[in-house]
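This report goes through selected strands, helices, charged pairs and a surface patch. Please keep the sequence and the structure in view while reading.

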Amino acid sequence: MMRSVHRSLRRKVMVLILAVTAAALALSAVGLVINDLRNFQQQWTDDLEGNAAVLARAAAPALSFNDRRTAEKDLSVMQARPRVLAAALYTRDGRLFATYTKPGITVPPFSSAPGAHGSVIEGDNVVLYRPVVENNEVIGVVHLRGSYEPWARLKDYLTILLVVMIASLMVAVMLSGWLQEALTAPILEMARVSREVMEKRDYSLRVRKTTEDEIGELVDAFNAMLAEVGRRSEALREADRRKDEFLATLAHELRNPLAPIRNALQILKVAGDDPAKAAKAREMMERQLNQMVRLVDDLLDVSRITTGKLAVRKTPLDLNAALRDAVETARPFVESRKHVLHVDLPEAPIPVE
């Protein structure tokens, strides 16, 4: 499962959206539950305080006249409050005066003396003590014990939150589909174009721009990169073609001096004791050998050009000698075609720079 998520941008976006949504909903649910439980406790305490206030006003005359029977009747009114489990009245000197216990309910024994004024949670009960005031004088204390069952309310509340979370996650899934179309579609398109460029070496492909945000800028940069790579690829192909042409020309130029050298060797074989012919043949071989050396030097100069180490300098050249070398190189080919080449050159050098 995790491997498929790591390999898919769409799944990553969906998992991210669902995770963020679930985390936000969970935090919201925890906050709402805590707040609701606090409000529920406060609400139930306030309700119990109201009952105690009503009971204190009703039981004040019974405490004033020490009428226990009337006090018990006043306490029995709490039967109308299903959540009130027990009630009691204490006199001003702290003696237990009258009690009430909900039928069928077992509660802890009543304390022989009233506790501190206020309410407190004891397990599943709320215990409350409130003074009974008559003519601005405390004449006793009323005690109430009520049931406090937050778990049932918590269960109902969590059920509602679970339904809301499931519905919210379903909405998040639908929204993630729309978001993926806007967010991941250009990126997936770039991935597709990249694969096609690698497979087909077609640098004319482009990604269609659909947004003007940062992803749109990324698409523009990607297309510009493809264009630059295409230009450089074309330049490399052109350089490779020119290199092949250069090597072919160089091979041809290196081969040309071989024919005069071969002819000079034949002349040396048939010259015998004729020193003039032998000297002429040696001169021819020496010139053609120098020509080959120059060609090899030119080849080395090409390598120096690519490394940026070529130094250009001017030197004088005898054009007359260069023309004689050229004619001498081409003569074997001319004679093989049974052509006649006539060259008229001056005896004096023709220097050029």
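Val120 is partly exposed, with 43% relative accessible area; buried means under 20%, exposed over 50% and partly exposed in between, with a 1.4 Å probe and protein chains only. The model is predicted, so local features need pLDDT of at least 70, side-chain atom pairs count only at pLDDT 80 or more, and totals for chains, interfaces and linings use all residues. Residues are numbered from 1 along each chain as its sequence is written, and side-chain values use heavy atoms, with hydrogens and water left out.

Val120 lies in strand β3; strands (E, at least two residues) and helices (H or I, at least four) are DSSP runs numbered from the N terminus. Between the C-alpha atoms of Val120 and Pro275 there are 138 Å, and 155 residues along the chain. Strand β3 (residues 118-122) pairs with β4 (residues 125-134) in the antiparallel sense over 5 bridges, where pairing requires at least two DSSP bridges between the strands. Glu122 is opposite Asn125 in β4. The hairpin of β3 and β4 has 2 residues between the strands, and Gly123 has a positive phi near 65 degrees.

The salt bridges number 11, each being a side-chain nitrogen of Lys or Arg within 4 Å of a carboxyl oxygen of Asp or Glu.

| Pair | N to O distance |
|---|---|
| Arg130 and Glu49 | 3.9 Å |
| Glu137 and Arg92 | 2.7 Å |
| Glu228 and Arg232 | 2.9 Å |

Glu228 and Arg232 are separated by about one helical turn, because they are 4 residues apart in helix α5. Glu228 is partly exposed at 29% relative accessibility, and Arg232 is exposed at 56%. Salt bridges with shared partners also join Glu238, Arg241, Arg242 and Glu245 into one network.

Helix α5 (residues 214-255) has 42 residues and reaches 61 Å from its first C-alpha to its last, close to the expected 62 Å; the expected span is 1.5 Å times one less than the number of residues. Buried residues of α5 include Phe222, Leu226 and Leu250.

Helix α8 bends by about 40 degrees at Ala330, and Pro332 follows within four residues; the bend is the angle between axes fitted to the seven residues ending there and the seven starting there. Pro332 and Val334 are among the buried residues of α8. Leu319, also in α8, is partly exposed at 34% relative accessible area. Leu317, Leu319, Leu323 and Val352 form a nonpolar surface patch with about 300 Å² of accessible area together. Patch residues have over 30% relative accessible area and no salt bridge, and nonpolar side chains are joined within 5 Å.

Key: Patches are made of residues with over 30% relative accessible area and no salt bridge: like charges are joined within 9 Å, nonpolar side chains (Val, Leu, Ile, Met, Phe, Trp, Tyr) within 5 Å. Accessible areas come from the Shrake-Rupley method with a 1.4 Å probe; for residues, only the protein chains shown count as cover.
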